[in-house]
Amino acid sequence: MPGQVQSIARAAAILRLLASSSGRLGIGEIARSLDLPKGTAHGIVRTLQDVGFVEQDKTSGKYQLGAALLHLGTSYLDVNELRSRSINWADPLAARSGESVRIGTLLDGKVLVVHHVFRPDDTLQTLDVGSLLPPHATALGKVLLAYDVGAANAVLQGEPEPYTRRTLVTARTLSRALTEIRDNGWGAEIEEMTLGEAGIAAPIRGYGGLVVGAIGLSGPVDRVCDGKGHPRPVLVAYVRDAARAVSRDLGAARW
């Protein structure tokens with residue numbers, strides 16, 4: 001059987017990105033969200049425009065879905081599928097790292113926890129499945145915002161709540177953090193949500209490279225971070241390996 005046609009998968013990812021955005025997107029925003037070269041993104045968008053699937057706003061130069069495709073809706077990946085594909089990799093991540101593991105996706109501007117693996121010890125823990133977390137103050141959330149322009153803009157234009165003195169609440173600091181996540185391929189938070197707690201997360205991609213969720217671990221700062229307060233490289237590697245594995249299961253060819 002023939003394999004996946006990469007250009008079609010990327011075109012589908014662009015359409016889904018536009019469908020889920022709260023506003024029009026420029027070529028640079030599309031390219032960053034899907035981790036594509038700007039030239040590649042521009043060529044695909046122009047082709048979609050030529051066939052009527054995408055429209056360009058003459059004033060801003062940004063793009064939106066064509067009228068014929070507006071019925072596609074705002075989401076394409078069922079949450080249950082994300083969870084079922086992730087379970088096989090979340091348990092090993094918890095075992096290797098010794099920390100709790102969560103998988104999340106964006107829902108109405110919050111991070112919906114769709115799967116949670118307890119830390120493999122005897123401490124009392126609370127199941128977080130179904131919980132809604134603030135995107136700007138969690139590693140999972142910041143990773144998701146880094147690849148979703150519409151959600152990021154909504155947070156940046158609002159008034160993020162400061163959960164601790166280390167929570168990123170200004171547009172400048174949060175924008176810088178999201179850029180670093182896109183550059184590095186993973187993100188972290190250190191006492192931004194809860195004092196004494198830290199987390200590491202990486203994006204989960206589906207067909208065409210579209211980020212559909214994130215997987216991450218969390219635990220005490222002294223276990224997640226080294227003596228200099230930086231996330232431990234071995235834990236970052238564990239998280240990124242798990243994210244790549246889930247992404248491959250979801251059809252992300254590059255992973």
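Predicted model: local features only at pLDDT ≥ 70, side-chain atom pairs only at ≥ 80, totals over all residues.
Some ground rules. Local features need pLDDT of at least 70 and side-chain atom pairs count only at pLDDT 80 or more, while totals for chains, interfaces and linings use all residues. Numbering starts from 1 along each chain as its sequence is written, and side-chain values use heavy atoms, with hydrogens and water left out. Helices (H or I, at least four residues) and strands (E, at least two) are DSSP runs, numbered from the N terminus.

The sheet, then. It is open, with six strands in the order β5-β4-β3-β8-β7-β6 and antiparallel pairing; two strands pair if DSSP finds at least two bridges between them. β5 (132-133) and β6 (187-190) are at the edges with a single partner strand each, so one side of each has no neighbour in the sheet. Strand β3, residues 100-107, is joined to antiparallel β8, residues 211-220, by five bridges. Val 101 has Leu 217 in β8 as its bridge partner.

Across β7 (197-205) and β8 lies helix α9, residues 233-249, at about 30° to β7. Axes here are lines fitted to C-alpha atoms, for helices over the stretch in contact (heavy atoms within 4.5 Å), and angles run from 0 to 180 degrees between N-to-C directions.

Now the helix pair. α1 (residues 6-20) packs on α2 (residues 27-34) at an angle of about 110°, their axes 11 Å apart. That makes α1 roughly perpendicular to α2, a label covering 65 to 115 degrees. From α1, Ala 13, Ile 14, Leu 17 and Leu 18 meet Ile 30, Ser 33 and Leu 34 of α2.

Terms used. Parallel < 35°, antiparallel > 145°, perpendicular 65-115°, else oblique.
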